Amino acid sequence: MLTKRTRVAPLMVAILLVTSFIPGHLPARAQQTSPVAPRREQVQAAVREAYDKFKSDTGGKNADYIPYLAKVDSKLFGIAVVSTDNQALTVGDLDYSFSIQSISKVYSMALAMEELGPDTVFQKIGSEPTGRAFNSVFAVADMPTHTGNPFVNAGAISTVSLISAKSADEKWNKILDFYSRAAGEKLKLIDEVYKSEAATNTGNKALSMLLAKYDRIYADPFESVDIYTKQCSVGVNVLQLARMGATLANNGRNPATGEQVVKAENVPYILSTMMMAGLYDGSGSWSWHVGLPAKSGVGGGIVAVVPGKGAIAVFAPPLDEAGNSVKAQKVIEFVAKKLDYNLYSPGSVGLKPGGQIGQK
Ligand code: DON
């Protein structure tokens with residue numbers, strides 16, 4: 001809502017920052033909100049406070065190894081929360097479609113598990129943190145599994161290679177369709193991002209050849225990199241991203257469409273991987289401070305999942321050294337603290353300080 005053109009006097013800004021809730025229209029069966037989910041007024045207040053607190057934060061720097069991303073307006077900033085009973089709350093820049101980048105890896109992992117089951121994905125890709133940068137070649141060479149996990153570039157390219165299809169086009173369309181079902185609306189490729197990344201992704205091509213050396217890629221290496229590059233170039237706005245997260249929070253069922261997109265039994269594997277590696281070598285600190293499964297992308301998005309309650313997505317392009325949006329991390333940490341979302345905190349399951357259980 002707050003675009004560059006509308007950055008005017010503070011009073012006007014305050015008026016423009018009216019957050020909104022869009023109530024859901026789903027059958028009760030699809031609504032599985034936790035009895036200890038915070039009330040919407042509490043969420044609204046926390047999100048507005050976070051927006052105001054961090055909107056002038058200038059920390060971090062846009063990714064520039066993909067030329068397109070260096071040119072994105074680094075002041076863009078949007079927040080969306082979607083609850084498992086399909087209420088949406090938004091603030092900031094909502095119309096901007098940014099590239100999903102590494103957040104896509106969550107949904108390709110989910111798709112591979114839909115087809116092959118978690119055991120095969122675990123065995124062929126792995127589920128260990130690498131302790132290295134997301135695009136590290138050393139991680140591939142050093143780790144006994146040679147893939148690490150589905151969220152580092154090597155593991156993600158390998159995950160794409162696992163997805164079945166008769167042609168590259170069929171595989172790409174299958175992936176895009178799956179992401180769209182998770183978002184609850186048709187998503188599209190941002191062609192300029194794809195071209196920009198495809199022209200500069202020699203590192204990912206090198207990773208794919210290294211994977212081939214260790215027999216850890218299961219289709220043509222360069223074709224897999226190309227489809228992976230497309231999946232990273234899918235455009236989402238912050239509300240669509242929050243819906244994708246809410247689908248995981250709602251046991252794999254999209255709270256907006258009611259469709260069971262991800263098998264419920266696969267969700268815990270996805271969330272545990274997000275907790276362990278969702279922010280790469282920032283994941284330990286994230287788990288310590290925030291305690292929520294989340295995934296970042298170098299496009300500037302982060303989505304965090306609060307099981308049984310909903311998801312929060314933030315878009316703000318400047319990144320830290322590990323490739324995670326600085327503002328998005330701050331916003332989610334702030335909101336998670338305010339609303340007792342941290343999964344390791346007794347308050348997240350309704351335990352009060354005295355030990356008794358009760359609605360907050
Ligand atoms: O392959 C790459 O390097 C990018 N398409 C995705 C990397 C990414 O988003 C890492 N995330 N924080």
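This is a predicted model: local features need pLDDT of at least 70, side-chain atom pairs count only at pLDDT 80 or more; totals for chains, interfaces and linings use all residues.

Biologist: What's the angle between helix 8 and helix 11, and how far apart are their axes?

Modeller: They pack at an angle of about 30 degrees, with the axes 10 Å apart. Helix 8 covers residues 168-183, and helix 11 covers residues 221-232. Angles under 35 degrees count as roughly parallel, which is why this pair gets that label.

Biologist: Is the crossing of helix 8 and helix 11 left-handed or right-handed?

Modeller: Helix 8 makes a right-handed crossing as it passes helix 11.

Biologist: OK, now helix 4 and helix 7. At what angle do they pack?

Modeller: About 40 degrees, and their axes are 9 Å apart. Helix 4 is residues 104-116, while helix 7 is residues 153-162. At that angle the two helices are therefore oblique to each other. Helix 4 passes helix 7 in a left-handed crossing.

Biologist: Switching topic: how many residues surround the ligand?

Modeller: There are 14, and the closest are Y65, Q101, S102, E197 and Y228. The shell divides into six nonpolar residues, seven polar and one charged.

Biologist: Which polar atoms sit by the ligand's oxygen atoms?

Modeller: Among them, N153 has a polar side-chain atom 3.1 Å from a ligand oxygen. For N204, a polar side-chain atom lies 2.9 Å from an oxygen atom of the ligand.

Definitions and conventions:
Residues are numbered from 1 along each chain as its sequence is written. Side-chain values use heavy atoms; hydrogens and water are left out. A residue is near a molecule or strand if one of its heavy atoms lies within 4 Å of it. A polar contact is a pair of N or O atoms within 3.5 Å; within protein, one must be able to donate a hydrogen and the other to accept it, and residues adjacent in sequence count only if both atoms are side-chain atoms. Ala, Val, Leu, Ile, Met, Phe, Trp, Tyr, Cys and Pro count as nonpolar, Asp, Glu, Lys and Arg as charged, and the others, Gly among them, as polar. Axes are lines fitted to C-alpha atoms, for helices over the stretch in contact, and angles run from 0 to 180 degrees between N-to-C directions. Helices (H or I, at least four residues) and strands (E, at least two) are DSSP runs, numbered from the N terminus. A crossing is left-handed if the near helix is turned anticlockwise from the far one by less than a right angle, and right-handed if clockwise. Angles under 35 degrees count as roughly parallel, over 145 as roughly antiparallel, 65 to 115 as roughly perpendicular and the rest as oblique.
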